[in-house]
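Open your viewer and get ready to select residues by number. This tour goes stop by stop. At each one, select first, then look.

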Amino acid sequence: MTTRGFTGRPLGPDLARRLPPGQSRTVDFPVLSAGPTPPVDLRAWRFSLKVGPREVASWDWEAFNALPQTALTCDIHCVTTWSKFDTPWEGVLVDHILAAAGLAAPTPFTLAWSFDDYSTNVPTADLTGGQAMVALRYEGKPLDAAHGGPARLLVPHLYLWKSAKWIRALQFTERDEPGFWETRGYHMRGDPWREQRYDSDS
């Protein structure tokens, strides 16, 4: 089946090496979400860090945007088998969020929480070392609500369902606690290069 936006001709070897197994390249940016886009009022927006149930730091929109900003161009991969190359993002690295809170990574695991109460679990090691950010802009413009704006988690080396849209908190946990899709049979980590789509995948 051919879908609009997916390339029909073979990729050159350089691009082919960037495509995980089972994926097809798209030039579009498909919109997929677990539910409807929630309304997010920037005047009431807050982003929090929690260790277990305890909030240890939070920022309003203005304060969060005053944190150090980083530009990142990366490939992204959706579990529904599309990949998009060279996507340009800007936002705040998780490392810089932790530094602003005066924290080292406190636990092995993290739950990302969204304004629509969506959640997804990510090993903390996948969020640090410059690997992940809370993205605020895409292609130089404020992040569109359909793609998770005003802010979304971006963990580009994992399947895109781990990059929670409309993010409101990172909660550090001692146990690897499943989120929305993980409780419905999706993989606990979601590495596209290992095709970790479902809990039965190694």
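Two strands pair if DSSP finds at least two bridges between them. Strands are DSSP runs of E with at least two residues, numbered from the N terminus. This is a predicted model: local features need pLDDT of at least 70, side-chain atom pairs count only at pLDDT 80 or more, and totals for chains, interfaces and linings use all residues. Residues are numbered from 1 along each chain as its sequence is written, and side-chain values use heavy atoms, with hydrogens and water left out.

**Stop 1: strand β8**

Select residues 133-138, which make up β8. Buried means under 20% relative accessible area, exposed means over 50%, and partly exposed is in between (1.4 Å probe, protein chains only). Six of the six residues of β8 are buried, so the strand is largely enclosed by the rest of the structure.

Find L93, whose bridge partner in β8 is M133.

Then select 141-142, strand β9. Two antiparallel bridges connect β9 and β8. What do β8 and β9 form? They form a hairpin, with two residues between the strands. Click on E139 in the turn: its phi is positive, about 55°.

**Stop 2: an open sheet**

Show β3, β2, β11, β6 and β7. These five strands make an open sheet in the order β3-β2-β11-β6-β7, with mixed pairing. Which strands stand at the edges? They are β3 (54-60) and β7 (119-123). Each has a single partner strand, so one side of each is left without a neighbour in the sheet. Look along the sheet for its twist, which averages 20° from one strand to the next. (Axes are lines fitted to C-alpha atoms, for helices over the stretch in contact, and angles run from 0 to 180 degrees between N-to-C directions.)

Zoom in on β2, residues 46-51. Four bridges join β2 to β11, and the two run parallel. Select L49 and L170: L49 stands opposite L170 in β11.

**Stop 3: aromatic rings**

Rings of Phe, Tyr and Trp (its six-membered ring) pair if their centres lie within 6.5 Å; planes under 30 degrees apart count as stacked, over 60 as edge-to-face and the rest as tilted. How many aromatic pairs does a search of the whole structure find? The count is 16.

Select Y159 and W161. Their ring centres are 5.9 Å apart and their planes are at 15°, so the pair is stacked. Y159 is buried, at 0% relative accessible area. W161 is buried too, at 8%.

Now select Y186 and Y198. This pair is edge-to-face, 5.5 Å centre to centre, with 75° between the planes. Y186 and Y198 both lie in the segment after β11 (167-173), so the pair ties together parts twelve residues apart in sequence. Y186 is buried at 17% relative accessibility, whereas Y198 is partly exposed at 40%.

Ring pairs link Y118, Y159, W161, F180, W181, Y186 and Y198 into a cluster.

**Stop 4: charges over rings**

A charge sits over a ring if NZ of Lys or CZ of Arg is within 6 Å of the ring centre and within 35 degrees of the ring normal. R184 lies over the face of F180, 3.7 Å from the ring centre. Finish at R18, whose charged end sits over the ring of F85, 4.6 Å from its centre.
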